[in-house]
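Hi there,

Here is the structure I promised to pass on to you. Have a look at it first, and then read my notes below.

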Amino acid sequence: MLKIGLVGVGGISGAHIPAWDEMENAQLVAICDIRPERMEKYPEKRHYTDFDEMLEKEEFDIIDICLPTYLHADFAVKAMEKGINVICEKPIYLKEEDIDRVYSTAEKNGVKFMVAQVLRFWPEYELLKEIYDTKKYGKLLSGTMIRLGGYPKWSWDGWMMDEKRSGLVPFDLHIHDLDFMVYAFGMPEVDYQYRSKLPDQDFISLNYNFGDFSVHSEASWYATCYPFTAEFRFQFEDALVSNENGRMVIYLRNDEKIDLSQQAEGDTGSINLPKSDAYANEIHYFADCVINNKPVEKVKPEQLRCVLNILNNL
Ligand SMILES: NC(=O)c1ccc[n+]([C@@H]2O[C@H](COP(=O)([O-])OP(=O)(O)OC[C@H]3O[C@@H](n4cnc5c(N)ncnc54)[C@H](O)[C@@H]3O)[C@@H](O)[C@H]2O)c1
């Protein structure tokens, strides 16, 4: 049975904690947050307000880091130096040096490390990659990816709105789509970029050139309560693959369409999307790498380096 510890019991921990709790071969035994009230919801776990104390008193196989971005690399290094495997929320941090620091610590201590880039485990995005890889609908011609929402006023201590601690929209929001593109299509050139950044809003619009096709992407924190929206549309020679308005639909040349979301509800047929939780998928994948001593191949440091290099040059 894997023993798990989690640090940072804020927003995203609400997706990680249930995923650990549902696993049969892992037990989330202890959690840590500087705000004790954040942990009251989980009375069955041991609570710590100090990460060092938790590392000293407990024995873990895996630490799950759900802290604000600026603490990721330091906390990951600290845990790995104690011989503990680490899964860490995105992004690793803001600089390419952090990638080297974290991966060299993992290597030196013989432990595994993974940045939880969740789109790589998201059924709709996995299917898009499969369609691209298999050329099922011909060659890819163009794509659009968007990720929009309101300004994150809710974050603890306002850390998300502080560029030095979060990197703002490029590192917090757009990184999801760019990471997926690098994972699925390889390394692009940026041939257009526009950003409008004010104290309470941040918008970027980019065009990525992959040689044979290009992908336009937008990401924003608007200064309004605009609802969170994450969508894509990819134009292949013989089909348009759309994940918009909460539905994944493949529009075919002959005017027919395959509504994958509809099929998933019925849970029949061979093409339907699995009803799965991407956060649980990434956690299960990492736990499996640890249990079976497999390399963490799904998230590679050179891909993370490419993403940070692009984001740092915007
Ligand atoms: N994969 C995704 O879809 C996704 C979604 C949201 C956030 N995230 C990432 O998850 C991370 C956390 O984001 P969030 O929205 O949960 O933030 P949050 O502000 O809601 O939570 C952060 C938590 O960390 C705690 N904390 C701060 N300093 C600490 C310390 N020194 N020791 C222990 N606890 C401490 C805070 O009290 C807070 O509860 C970010 O890096 C973000 O980029 C990923």
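Let's begin with the ligand, which sits in the largest pocket. Please keep in mind as you read that this is a predicted model.

Which elements give two or more residues to the shell around the ligand? They are α3 (72-81) and α7 (168-185). The shell also draws on two domains, with at least three residues from each of domain 1 (2-116) and domain 2 (119-276).

In total, 26 residues surround the ligand, and the closest are I12, D33, R35, W159 and Y279.

Now zoom in on the oxygen atoms of the ligand. Y279, already named among the closest residues, has a polar side-chain atom 2.5 Å from a ligand oxygen. The backbone takes part in the picture as well: a polar backbone atom of G11 is 2.9 Å from an oxygen atom of the ligand, and for a polar backbone atom of L67 the distance to a ligand oxygen is 3.3 Å. How much of the ligand does the protein cover? On its own, the ligand has 850 Å² of accessible area, and the protein covers 90% of that.

You will find P91 in the loop between β5 (85-89) and α4 (96-109). The other is K135, a residue other than glycine that has a positive phi, near 55 degrees. K135 lies in the loop between α5 (123-134) and β7 (140-150).

Happy exploring, and write back with any questions!

Best wishes

Note on methods: Residues numbered from 1 in each chain as written. Predicted model: local features only at pLDDT ≥ 70, side-chain atom pairs only at ≥ 80, totals over all residues. Heavy atoms only, no water. Near = heavy atom within 4 Å. Polar contact = N/O pair within 3.5 Å; in protein donor to acceptor, adjacent residues only side chain to side chain. Areas by Shrake-Rupley, 256 points an atom, 1.4 Å probe, with all protein chains shown as cover. 1 Å grid on protein atoms, 1.4 Å probe; cavity = no way out; pocket = protein on both sides within 12 Å on 5 of 7 lines; lining within 4 Å. Sits in = over half its atoms within 2 Å of the grid points. Helix = DSSP H or I, 4+ residues; strand = E, 2+ residues; numbered from the N terminus. Domains from an automatic or database assignment.
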